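Colleague: I am new to this structure. Could you walk me through how to read it?
Modeller: Gladly. Have the view open and ask as we go.

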Amino acid sequence: MPIDDLTALGQKMREARKKKDLTQQELADLSHVSVKQIASIEKGQINPSYLILKALAKVLPLSLDTLINPDVSLEDEGANQMKMLYCSCPSEMRETLLHHMQETAKELTELSEKFETN
């Protein structure tokens, strides 16, 4: 991974960690990744393995795609977050979550169309 990408990865990790109000130690405890590795990643000093990124992505509100692709658009990031919400939901509740998301999308579309006609 080029150095600029490592720097971008580190910045995304730090921002996501702070957004979740976690210290590096707390993130280390939750992800089972060492504090030293987390600090080095956030500084853009090391290229983390897939397994480390996967462990960190489980704790942070980020998808792997967002972590490794510095050019993810806001729209793609939103789609990734929706997917993460679905995947983090207990499997027996996913159908209910999907139904509610579909109903919400339908209501928002109708509301948007209503405003466009006025």
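This is a predicted model: local features need pLDDT of at least 70, side-chain atom pairs count only at pLDDT 80 or more; totals for chains, interfaces and linings use all residues.

Colleague: Now the core. Which members of the largest nonpolar core touch the most other members?
Modeller: A nonpolar core is a set of buried nonpolar residues joined through side-chain atoms within 4.5 Å. The largest one here has 17 residues, and Met13, Leu27, Leu56 and Leu67 touch the most other members.

Colleague: Which elements give two or more residues to this core?
Modeller: Four helices do: H1 (3–19), H2 (24–31), H3 (35–42) and H4 (50–59). H4 supplies the largest share, five residues.

Colleague: Take Met13, then. What does it touch beyond four places in sequence?
Modeller: Met13 touches Ile41, Glu42, Leu56, Leu60 and Leu67.

Colleague: Glu42 is on that list. Where is Glu42 found, and is it buried or exposed?
Modeller: Glu42 is in helix H3. Its relative accessible area is 4%, so Glu42 is buried.

Colleague: What is Glu42 in contact with, its neighbours within four places aside?
Modeller: Glu42 is in contact with Gly10, Gln11, Met13, Arg14, Arg17 and Gln24.

Colleague: Let me follow Arg17. Where is it, and is it buried or exposed?
Modeller: Arg17 is in helix H1. With 7% relative accessibility, Arg17 counts as buried. Leaving aside neighbours within four places in sequence, Arg17 is in contact with Leu22, Thr23, Gln24, Leu27, Glu42 and Leu60.

Colleague: Next, pairs of helices. How are two packed helices described?
Modeller: By the angle between their axes and the distance between the axes. H2 and H3 pack at an angle of about 120 degrees, and their axes are 9 Å apart. The crossing of H2 and H3 is right-handed.

Colleague: Which residues of H2 and H3 meet?
Modeller: From H2 come Gln24, Gln25, Leu27, Ala28 and Ser31, and from H3 come Val35, Ile38, Ala39 and Glu42. By class, the contact of H2 with H3 has five nonpolar, three polar and one charged residues.

Colleague: Which residues of H3 are buried?
Modeller: Ile38, Ala39, Ser40, Ile41 and Glu42 are buried in H3. For Ala39, the relative accessible area is 16%.

Colleague: How do I compare sequence and space for Ala39 and Gly10?
Modeller: Ala39 and Gly10 are 29 residues apart in sequence and 8.7 Å apart in space, C-alpha to C-alpha. Now try another pair. Leu98 and Thr66 are 32 residues apart in sequence and 22 Å apart in space, again C-alpha to C-alpha. Leu98 lies in helix H7 (residues 94–117).

Colleague: What about His32, where is it and what is its phi?
Modeller: His32 is in the loop between H2 and H3. His32 has a positive phi of about 65 degrees although it is not a glycine. At 72% relative accessibility, His32 counts as exposed.

Colleague: And which residue takes a positive phi just after H3?
Modeller: Gly44 does, with a phi of about 75 degrees.

Notes
Residues are numbered from 1 along each chain as its sequence is written. Side-chain values use heavy atoms; hydrogens and water are left out. Buried means under 20% relative accessible area, exposed over 50%, partly exposed in between (1.4 Å probe, protein chains only). Contact means heavy atoms within 4.5 Å. Axes are lines fitted to C-alpha atoms, for helices over the stretch in contact, and angles run from 0 to 180 degrees between N-to-C directions. A crossing is left-handed if the near helix is turned anticlockwise from the far one by less than a right angle, and right-handed if clockwise. Ala, Val, Leu, Ile, Met, Phe, Trp, Tyr, Cys and Pro count as nonpolar, Asp, Glu, Lys and Arg as charged, and the others, Gly among them, as polar.
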